[in-house]
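Q: Before we turn to single features, could you show me how to read a model of this kind, step by step?

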Amino acid sequence: MAVELKVPQVGESITEVQIARWLMAEGEHVNADQVVVELESDKATVELPAPTGGTLSRLLKQPGDKAAIGEVIGYIEEGNGAAAKEPAAEEKPAPAPEPESDAPVSDEKPHAVQAKTKEPELGDRLPPTAEAAPMVAAQPKTDSKSEEPRVMPGAQRMLEQAGLRADEVEPTGPGGRVLKEDVQRAAAAPPSPVAEPAPARAAAPAAPVGEGDRVVPMSPMRKRIAERLVDAQQTAALLTTFNEIDMSGVMALREEHREAFQQRHGVKLGFMSFFVRACVEALKQLPQINAEIRGTDIVYHDHYDIGIAIGSGKGLVVPVLRGAERMSFAEIEKAVADFGERAKVNKIAIEELQGGTFTITNGGIFGSLLSTPIVNPPQSGILGMHAIQDRPVARDGQVVIRPMMYVALTYDHRLVDGREAVTFLKSIKLNVENPSRMLLEI
C-alpha cells in the first residue's frame, strides 16, 4: 500500500516550501521516522521524517521545486511493494543491447550492463544520428511523466557545482534517471553548440552573464530576508543614533571570573549576556522601544523577549530569548551558544524565531566597526554591537588607551523620539561600563 509523503505545517504564516534536498533516493528502503527530505521555508529548514517504513517508491518533486503545505511530494510503498516496480522500469530498455544478448555477463547485473553497453554503442559508431536517437529518446518516455529528466540527489549537487542543467546531461540510470557519473561525463566533455540556448532559459538579466558566472534562484529564506528588510525601510521611519562604550570594566570582570564561570556553568562568559541584561534594564525605563505599532494602536509589551541575530549558512536568523528579564547570565550565555550551534546546521525551530520584542545584532564578531542595523518588523528598535578597538580617550584630564566599542540604536521614529533613543543608549553605556549596577538593579 502506498503511503503519501505530505508537506507538513511549518509555521502559521507559511503557505509553501522549497524542496532543499532528498536524503533518500527513489527505490531506497526507509525506516519509520527516518528523515527523508529537507524542506526549506522562508524562516528555517525543516526535516520531514517518513510516516512509515517501506520503499521510497516515487518522488514527485525535485530539489528546487516549490510545494504547498499539505501537498503530496512522494510515496512510500509499505513493505517490499516497490520492489516489483523497479524491474518493470527496465523491461523496455533491456532489448537495446541485442547483439550482446548471449553474453553471460548480462545475467549478473542488469543495471551495470545497461550503463556500460549504451555508451560504447553511441561512441563506437560514427556520428550518433538516427540509429542512436530512438534508444536515447525511449528512456524518458518509459518512466517520466514530465519533460524534465529525473535527477538523483547526488547528481543534483554536481549539476549545481558544474553549472549544468539536467536536460544537458544524457541519463543512463534506470528509468531515465540522471546519475552522478552522467554529470561527470557531461562536465568533462568539450562544449557543444547544443548547450547554447542556456541563457534564454533563465530570466533575461539586465547585463549579460559572463563566462564563469553562475545564476541560481534565491532560497525562500533569502527572499524572506529581502522582503522584510525592504518592508522595514518602506513602512517605518527609521533613524539611527550612536554612542561608544568603554569595555574596560566588563573585560576585567570577565577575566577575573572566566575560569570559575566556565567550570560552574559549562559555558564561556561572553559579552552578549551583559548587553542582554543592559537592554532589559533600559527597556524597562523606556517602554516605547519595547512596543510596536498595530494599525492606529500602540501595543506595549510587559515582557522582554530579546531576539539575537545569528548568521547561519543560509542567511540571517533571529532566535528569541523568551523572558530575558528572568534569565541569569549563565542561562543567557547557554541559550546564545546553543542558538549559534544549531544555526550552523539549520536546526532552529520555527517557533523560536517568532515573537521577539527587541533585537540585538553583533557585527563586531565579523570586524564591523560601525553600522546602522535595520529594525526587525514589527519591532521598534534594534541594538547594534561592534568591534572592540583600542582608542585614545580622555580620562581625568589625561589621554589614555581604552578598549572602546561603538553601539548603534536604530529605532522607528513614528513611535520613539530622539530623546528616548539617546537615553536608551546612555543607559546601555552606563550599565555595561559599570556591570555591578545590573547585579544590584540600580
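A: Let us start with the contacts along the chain, keeping in mind that this is a predicted model. Among contacts in the protein with a separation of 6 or more, 63% are between residues 24 or more positions apart. The protein has twelve helices and 18 strands, and of its 442 residues 43% count as buried.

Q: Which residues of α7 are buried, and where do they fall when seen down the axis of the helix?

A: The general idea is that an α-helix has 3.6 residues a turn, so residues three or four places apart point the same way. In the case of α7, the buried residues are Pro220, Met221, Ile225 and Ala232. Seen down the axis of α7, these buried residues fall within an arc of 135°, so they line one face of the helix. Their cover includes strands β2, β4, β9 and β14, whereas the face turned away from the buried side of α7 carries the exposed residues Gln233 and Gln234.

Q: How many salt bridges does a search of the whole structure find, and which residue pairs with arginine 21?

A: In general, side chains of opposite charge can pair when their charged atoms come close. The search of the whole structure finds 18 salt bridges, and in one of them arginine 21 pairs with glutamate 38, with 3.2 Å between the closest N and O atoms. Arginine 21 is partly exposed at 36% relative accessible area, whereas glutamate 38, at 13%, counts as buried because the cut-off is under 20%.

Q: What does the salt bridge between lysine 347 and glutamate 47 tie together?

A: The two side chains meet at 2.3 Å, N to O. Because lysine 347 lies in the loop between α10 and β16 while glutamate 47 lies in strand β5, the pair ties together parts that are 300 residues apart in sequence. Lysine 347 is partly exposed at 39% relative accessibility, and glutamate 47 is partly exposed as well, at 35%.

Q: Which residues form a nonpolar patch on the surface?

A: The patch is formed by Phe242, Leu369 and Leu370, which together have about 260 Å² of accessible area. Leucine 369 sits in the loop between β16 and β17, and its relative accessible area of 34% makes it partly exposed.

Key: Residues are numbered from 1 along each chain as its sequence is written. This is a predicted model: local features need pLDDT of at least 70, side-chain atom pairs count only at pLDDT 80 or more; totals for chains, interfaces and linings use all residues. Side-chain values use heavy atoms; hydrogens and water are left out. Patches are made of residues with over 30% relative accessible area and no salt bridge: like charges are joined within 9 Å, nonpolar side chains (Val, Leu, Ile, Met, Phe, Trp, Tyr) within 5 Å. Accessible areas come from the Shrake-Rupley method with a 1.4 Å probe; for residues, only the protein chains shown count as cover. A salt bridge is a side-chain nitrogen of Lys or Arg within 4 Å of a carboxyl oxygen of Asp or Glu. Helices (H or I, at least four residues) and strands (E, at least two) are DSSP runs, numbered from the N terminus. Buried means under 20% relative accessible area, exposed over 50%, partly exposed in between (1.4 Å probe, protein chains only). Contact means heavy atoms within 4.5 Å. The arc is that of the directions from the helix axis to the C-beta atoms.
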